[in-house]
Amino acid sequence: MHIPDAFIPIWQGAIYWIIALVFVALALKWARDEMNEEKLPLIAVLAAGIFALQSFNLPVSMGTSGHLVGGALAAIILGSPFAAVFILTLVLIVQAILFGDGGITTLGANIINMGVIGGFVGFYTFKGMMGATKSMPISAFVAAWLACLIPSLACAVEMFLAGTFPLTEGLIAMGIYHGIIGVIEGFVTVAAIYLITTARPDLVDTGVKTPSGA
Amino acid sequence: MMDNKTFIIAGIIVSLLIGCVAVFMASGDPDGLESTALVVQGQKELTGATPEDAEIEEDLTGKFSYSSPMPDYSLGEAMGSLGGLIAIIVGTILAFLVVLGLAYGIKMAGKPTK
């Protein structure tokens, strides 16, 4: 759901940029104050993994493909929605500048959707679900699914405000496509959390100390 | 438990493998946003296949445009899959280095104040 330059008027892009920069500043503050030096390698490896996953367009039927976003994964593993903002912002910058995936004027909107909304929805859904179900796989799956779906709906609203999509049609199509992509996102997120907690239980601080989530 | 070095190397290898498989296996269909654009422009049915000749109409007036060095994760038709592999490998390594560099930079800069 990387929005290209052509989809949003520059002045609207500027507004999203300003909002995004507030969250980027908070994410930098998080990195300075909260980020454990032990975790720096994990954060960088997650960024590499999220970049690679985002380049993998999986077929989701209906003539459409989709790739994973990774916002929920980053936020859950690192225990903060700002971790997702931090990683996704940098990945999106590399994608936009080097590969033309997502625009420059629309980068702010893309950071808001995938980093901010994806990170916050993923993190708090996971936290709430963990409290209710005590199950890492169920919680992470639902969190990742919502962290894919909700940003796509936000994107549809932005497209409506930009005059690019009509509201209802945009919401329906974006919702259906990303509802399917989100299922894959859910499975991969659970698998990735399982692998990372198995390899380095010390690096993960989500209350998920064992792979079973007990 | 893996030590840091093994974890980083294993993580990067897994990332590169995912990226390399993606070059050959990735779907050529438009993504969710592009697909929605085609639907609202009447070029595609909501649940139907994407026609070969479907193309998104872009209104570029008053919009910013930018040409990236490696558009669509490739180095152009002539380079084919090899170009795709190079693009993905460069991107994955760069994502790793940029995040590592900035994270260390922030930690260094933040030290005296704490």
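Q: At what angle do the axes of helix α3 and helix α4 of chain A cross?
A: In this predicted model, the axes of α3(A) (residues 71-78) and α4(A) (residues 81-99) cross at roughly 130° and come within 7 Å. Axes here are lines fitted to C-alpha atoms, for helices over the stretch in contact, with angles from 0 to 180 degrees between N-to-C directions, and helices are DSSP runs of H or I with at least four residues, strands being E runs of at least two, numbered from the N terminus.

Q: Which residues make the contact?
A: From α3(A) they are G71(A), A74(A), A75(A) and L78(A), and from α4(A) they are P81(A), A83(A), A84(A), I87(A) and L88(A), where contact means that C-beta atoms, placed from the backbone, lie within 7 Å.

Q: What is the order of helices and strands along chain A?
A: Chain A has seven helices and two strands, and along the sequence they follow the pattern α-α-β-β-α-α-α-α-α.

Q: What box do the C-alpha atoms of chain A fill?
A: Taken along the principal axes, the box is roughly 50 × 40 × 30 Å.

Q: Switching topic, what ipTM and pTM does the predictor give the complex?
A: The ipTM is 0.89 and the pTM is 0.92.

Q: And what pLDDT does chain B average?
A: Chain B averages 85, with 96% of the residues scoring at least 70, pLDDT being the predictor's confidence in each residue, from 0 to 100.

Q: How are residues and chains labelled, and what thresholds apply?
A: Residues are numbered from 1 along each chain as its sequence is written, while chains are lettered from A and ligands numbered from 1 in the order in which they are written. Local features need pLDDT of at least 70 and side-chain atom pairs count only at pLDDT 80 or more, whereas totals for chains, interfaces and linings use all residues.

Note on methods. Contact = placed C-beta atoms within 7 Å.
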